[in-house]
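Hello,

Here is the structure we talked about handing over. Please look through it first, then read my notes below.

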Amino acid sequence: MEDNNLELLTDVTVFKHNLWVFEYADRMEKWFSGFKQAPIRIDAELHTRCNLNCRMCARRDSIYERFTEEERNRIEMPTKKWVQIAEESGKMGVKAWNISGLCEPLVKPEILFPTMKMIKAYDMFGELTTNGTLWTEKYIKETIEIGWDSVCISIDASDTKNHDYLRGVKGTFEKATNTLKTFHKLRERYKANLPVITINVVLNKFNYLKLKSIVEMADNLGADAIFVEPIVVFNEEGKLLKINENDIKKFQEVLKESKKLAADYGIVLDVTAVAPGKSFSGEKIFDKELIEKTGNFREILMRDVKSSSNFIFSIPCYYPWFYMMIKANGNVTHCGECKIEKENIKNKSLQEIWEGKTFTEIREQFIKNKLPEYCEKCRPNTIEDMRIVRKSIDEFRNTDFLRGKYLEFLEENKRLKQDLFLLKRKVYGDDKRCIKCKYKGELSKFNNSLTYKVFSRFWGTKIEKISKKIKDRTF
Ligand SMILES: C[S@@+](CC[C@H](N)C(=O)[O-])C[C@H]1O[C@@H](n2cnc3c(N)ncnc32)[C@H](O)[C@@H]1O
Ligand code: SF4
Ligand code: SF4
């Protein structure tokens, strides 16, 4: 990863952190004090088409696979409607869009790019998940020009054989890795910081022992981050691919080594089952339940809120208060797993649905602690989302905590300064050409620290000047 990207990654990480900490905590508090808030995030499935046949995907047994071309054309919404929805969401105060769903967004670039443009016209955060097989240089260039924030390319193995097997189509690995390389190359060429490029990995029997080689691959291809999500079982293939208790134990060891390697390369490695610990900003803990119990999550969701006497913390799922999923046929739900689809946006506005009967009723149901059957299939990272919302509300209500954080912040600043001086001395005798590669792990540690970012943004400290000098080797 190049130095200019360290800055950008910090920005995206800080953006996501702020979104959770401030936006979610703040909007939930307001909702429960009687003030309606706009959704924070929209997930969009732009159409019903995909060019692959991945073994673990929910699409395999879904109706999408059986549609005729005529049926697809009839149910899918036109570009104009998607652009209009994006515009309305920007006006409402939505903060982020994630384009994914049970399709490959790039199969319909004529819908994708105008929608992306409108999302960025309202300065919302844009994320897109893709299998990486249908990109051309033209599309990549356009994505960079739009200022799109984040592209997640799904790559489940570091070799052709396993990835192509999991994805059901030969040649997939080569195409996806080429796309990633091209993103990296063009970002360099246009001296752009965005989009951040993440490799999405579905954790399964074939790859759980090979995370280190995926980190190596990420570094070779020029990815900024790796996001690992345990497989959710949707079908028989999924059952076979899921890792068992023994595998999880081994995976914990692999994860430790992989984290270290990723840190050396300056790559962010995010694993869903490594959940926030006691406090949102505290040490993360490994939660093997989130891998083990995929497909049986209702019990965990209810247990998480069982002991709380505080109203806001007793709600098992906050999705209906901050999230909307818009499907290819225009159906709108509060969650991707919800199959009871009563709302459709083809003839309604976003606001009408958000404040309408269906969303109001589901909020009331969740306040009464009643979770529908489909919540068994909740996603591990969604469970983490819920925990993070609770922790962030809790932390930011607590003034002692905030005071402690401020002191910690000052202490870290002092430590960073000392570490940087030491690094400067080390770098001094080195060959100028080697600095960026040899010290990129250490530099990324400084640049990614929140303290560094906040101090340099507001006050322009000595730390920033030294770090810049090390990067440019100008002293
Ligand atoms: C459904 S896909 C849609 C976007 C695009 N077609 C792709 O494959 O990236 C969204 C993400 O879900 C992941 N995924 C697919 N099946 C999954 C499963 N059973 N459990 C967890 N994640 C899964 C994919 O690897 C991808 O990263
Ligand atoms: S490419 Fe994405 S949507 Fe298509 S089958 Fe694979 S995981 Fe599912
Ligand atoms: S599946 Fe998860 S996100 Fe969806 S409604 Fe249930 S608990 Fe909430």
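Two definitions come first, for the ligand shells. Ala, Val, Leu, Ile, Met, Phe, Trp, Tyr, Cys and Pro count as nonpolar, Asp, Glu, Lys and Arg as charged, and the others, Gly among them, as polar. A residue is near a molecule if its C-beta atom, placed from the backbone, lies within 6 Å of it.

This is a predicted model, in which local features need pLDDT of at least 70, side-chain atom pairs count only at pLDDT 80 or more, and totals for chains, interfaces and linings use all residues. Residues are numbered from 1 along each chain as its sequence is written, while chains are lettered from A and ligands numbered from 1 in the order in which they are written.

The ligands

Ligand 1 has 18 residues around it, and the closest are Met56, Asn131, Ser154, Asn200 and Val232. Strand 3 (125-130) and strand 5 (196-203) are the elements that give two or more residues to this shell. Helices here are DSSP runs of H or I with at least four residues, strands are runs of E with at least two, and both are numbered from the N terminus. By class, the shell of ligand 1 holds nine nonpolar, seven polar and two charged residues.

Around ligand 2 sit Cys50, Leu52, Asn53, Cys54, Cys57, Arg59, Leu102, Cys103, Glu104 and Asn131. Six of these count as nonpolar, two as polar and two as charged.

Ligand 3 is surrounded by Leu301, Cys317, Tyr319, Cys335, Glu337, Leu371, Tyr374, Cys375, Cys378 and Thr382. That shell has eight nonpolar residues, one polar and one charged.

The chain as a whole

The chain has 21 helices and twelve strands. It is 475 residues in length, and 40% of them count as buried. Buried means that 20 or more other C-beta atoms, placed from the backbone, lie within 10 Å of the residue's own; exposed means 12 or fewer, and partly exposed is in between. Contacts were also counted: two residues are in contact if their C-beta atoms, placed from the backbone, lie within 7 Å. Among contacts between residues at least 6 apart in sequence, 77% join residues at least 24 apart.

Two helix pairs

Two packed helices are described by the angle between their axes and the distance between the axes. Axes are lines fitted to C-alpha atoms, for helices over the stretch in contact, and angles run from 0 to 180 degrees between N-to-C directions.

Take helix 4 (residues 109-121) and helix 5 (residues 137-146) to begin with. Their axes come within 10 Å and cross at roughly 15°. Helix 4 is therefore roughly parallel to helix 5. Angles under 35 degrees count as roughly parallel, over 145 as roughly antiparallel, 65 to 115 as roughly perpendicular and the rest as oblique. Pro109, Phe113, Met116, Lys117 and Lys120 of helix 4 make the contact with Tyr139, Glu142 and Ile146 of helix 5. The contact has five nonpolar, no polar and three charged residues.

Now helix 8 (residues 211-221) and helix 10 (residues 245-265). They pack at an angle of about 15°, with their axes 8 Å apart. So helix 8 is roughly parallel to helix 10. From helix 8, Leu211, Lys212, Val215 and Asp219 meet Val254, Leu255, Glu257, Ser258, Leu261, Ala262 and Tyr265 in helix 10. Seven residues of this contact are nonpolar, one is polar and three are charged.

Backbone details

Most residues other than glycine have a negative phi, and most peptide bonds are trans.

- Asp123 is not a glycine, yet its phi is positive, about 55°. Asp123 sits in the loop between helix 4 and strand 3. Asp123 counts as exposed because it has 10 C-beta neighbours inside 10 Å.
- Lys191 also has a positive phi, near 45°. Lys191 is in the loop between helix 7 and strand 5. With 7 C-beta neighbours inside 10 Å, Lys191 counts as exposed.
- Leu194 and Pro195 are joined by a cis peptide bond, with omega about 0°. Pro195 is in the loop between helix 7 (172-189) and strand 5.

Best wishes
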